[in-house]
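Work through the exercises below with the sequence and the model at hand. Each task is followed by a solution in steps.

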There are 2 protein chains.
Amino acid sequence: MTTNWDQYVRPAIRAMAGYTPGEQPQTGGVLKLNTNENPYPPSPKALEAMRRVLDEQGAERLRRYPEPLGDRFRATAARVLGVRPGNIVIGNGSDDILTILTRTLVPEGGRVLSLEPSYLLYGTLASLQGARMEEISFATGWELPEPWPKPGANLVFLPNPNSPSGTVVGLDRIRRVLPQMGAPLVLDEAYVDFAPATGLELVREGLPVIVTRSLSKGYALAGLRFGFAVADEALVREMEKVKDSYNCDAISLAGAEAALADQEWLQETRAKVIASRDHLERGLAHLGFTVTPSEANFVWCRHPRHAARSLFDGLKAQNIFIRLMRYPGHEDGIRITVGTPEGTQRVLDTLAGLVGSAA
Amino acid sequence: MTTNWDQYVRPAIRAMAGYTPGEQPQTGGVLKLNTNENPYPPSPKALEAMRRVLDEQGAERLRRYPEPLGDRFRATAARVLGVRPGNIVIGNGSDDILTILTRTLVPEGGRVLSLEPSYLLYGTLASLQGARMEEISFATGWELPEPWPKPGANLVFLPNPNSPSGTVVGLDRIRRVLPQMGAPLVLDEAYVDFAPATGLELVREGLPVIVTRSLSKGYALAGLRFGFAVADEALVREMEKVKDSYNCDAISLAGAEAALADQEWLQETRAKVIASRDHLERGLAHLGFTVTPSEANFVWCRHPRHAARSLFDGLKAQNIFIRLMRYPGHEDGIRITVGTPEGTQRVLDTLAGLVGSAA
């Protein structure tokens, strides 16, 4: 017997292509600059905290269900960030948090807005919910458009810094435009650890803003899957209904707490990444690329004489993975994650060969 | 400023109470028999595999994103279970899998069916999706009702073994009733590792059945959050659109793979739990309880002369946590997780004190 599954699957899901994550080659020898992983290791204190779960109390901590709300993590994160534990929702990666927010706030048939070009997952989350995704162009200088052209959506997503541009929207502009939006704003701060400022104060001020955070980038823990939201306590209570009861495991809770507590390690890593980012931006400009100045751990660029696709293929042929970014209505570009000084030099040298040395 | 979040939250979410998981006391000294954790530790090979991720390659494996589809886990699980890797979807606990299935198959306004009394999370998942939950009583002997009273739902959930009863529905009955259902059936095998048979062959036969599995019970890894689905490859492809791209972390993937591979450890643990279950059932019957014979790692019972609530409170006062199960239209009962021989004896001795020795 064969079951025709098409008759059972929701039409919204059947019609979707699904989100395509960047390639994750699991073999060695590859210079991986395609999914904005940190080139430096996570805090040794985070690794140590996770080892302790496995070594001293492993059997017992893993045998039992973890803390549903992550109270110990929340206490530490609240102290570090200057908010209350009740403002924090834990997530199995910040994608889990974005899913929880969409399910809490967006009905089937609802409207989700995003700036463009931006993180493509937002459109996937809207489709999964059976909602409509509308995209709004950034204003000049990668700022929020003012006046806001489409008020009254169910949710607005703004990555700050944005991907692929690496640019940041100013908090004053957000404060001015927010009343025009008439919708909650998700300030997706996955890359904030490389940027000059956070929007946490908007949450503290009681504005309809949710800040989401990831431990995948600044804290170098992409493999651990941990993220969180900072939001008003009333919204946190609704999000807790939507999240899986045990969405974070005992090891990741311990590792995430220790990583957040080790701000010194974060600052050292951050300084090294920013130094390499400057080197990458200058090197790309020297090779004739048009470069958008970045506040994140990646650089988005185009070359006036070389197609993004051919540069992507040329780098891949030499075992360097970057991301080819294609947005309808925009010229193709490439997004290069900031690596170590050696990795950065290698991608610059290889690109020099591909574009024919300095232009 | 204060934001009124009620205006933004989906009415379906606002109206929900949210699922209440069993208490997870994190302090020592408690005999925890309330959430069906395994009293024995997980496979030492699983712990060793996770230690290797942290020790030898920790920084590198955690710095990078994990395998999105868990290919190595799927290859091992497929070999152990006698299915193809393309039949398997990985999940952050089997609750994640149940969420993915609901979102793949149930539209807002759709209908979800469950037998009752059963796992209360199914109703929560239906509410989150804005769907209607309808409950159907088990037929005599905890079998599927035949003929099936409510055909044409979007999804039917059947835990097999069921909680709280610990009973099992026969595969022949499922084969007969399935065409009458006219809906996909989720066979939730969270407790199958303590039962005599699995329904995997129904998936192999091409029937509209999805088998879901957990590593929280038989494999003693509740703290790790890992589960998976076994389904037709066509449905797997749709579920992969719905799941978060990186829903399982590098450590849990390694631990889950090693745990599945160590079937010898599972069989030893299983034999010990089943021996204690027999002792618990006989002891409860001796104390005058009405006991439903269980194929899982818990026992559901009632006492004709003592209210379930008072027994629950009496045990809690002596640091023994069990689960008070209340279903509308059913008498309250208690569900006791099978512990070690010592734990089992302790709960029996304490109950003997509460019910006034043998009845």
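**Exercise 1. Describe the fold of chain A in overall terms.**

Start with the contacts, where two residues are in contact if their C-beta atoms, placed from the backbone, lie within 7 Å. Among contacts in chain A between residues at least 6 apart in sequence, 71% join residues at least 24 apart. The model is predicted: local features need pLDDT of at least 70, side-chain atom pairs count only at pLDDT 80 or more, and totals for chains, interfaces and linings use all residues. Residues are numbered from 1 along each chain as its sequence is written, and chains are lettered from A and ligands numbered from 1 in the order in which they are written.

Next, list the secondary structure. Chain A has 13 helices and 13 strands, taken as DSSP runs numbered from the N terminus (helices H or I, at least four residues; strands E, at least two). The radius of gyration of chain A is 21 Å, close to the 21 Å from the globule rule for 359 residues, so chain A is as compact as a globular protein of that length. Here the radius is taken over C-alpha atoms, and the rule is 2.2 Å times the number of residues to the power 0.38.

Finally, consider extent and burial. Along the principal axes, the C-alpha atoms of chain A fill a box of roughly 60 × 55 × 50 Å. Of its 359 residues, 55% count as buried; a residue is buried if 20 or more other C-beta atoms lie within 10 Å of its own, exposed if 12 or fewer, and partly exposed in between, with C-beta atoms placed from the backbone.

**Exercise 2. Which residues of α2(A) are buried, and how are they arranged around the axis?**

Helix α2 of chain A covers residues 44–55, which is 12 residues. From first C-alpha to last it reaches 16 Å, close to the 16 Å expected at 1.5 Å a residue, the expected span being 1.5 Å times one less than the number of residues.

The buried residues of α2(A) are Ala46(A), Leu47(A), Ala49(A), Met50(A), Val53(A) and Leu54(A). Viewed down the axis of α2(A), they fall within an arc of 160 degrees, so they line one face of the helix. The arc is that of the directions from the helix axis to the C-beta atoms.

**Exercise 3. Where does Trp142(B) lie, and what is its phi?**

Trp142(B) is in the loop between β4 (132–137) and β5 of chain B. Its phi is near 55 degrees, a positive value in a residue other than glycine. Trp142(B) counts as partly exposed because it has 16 C-beta neighbours inside 10 Å.
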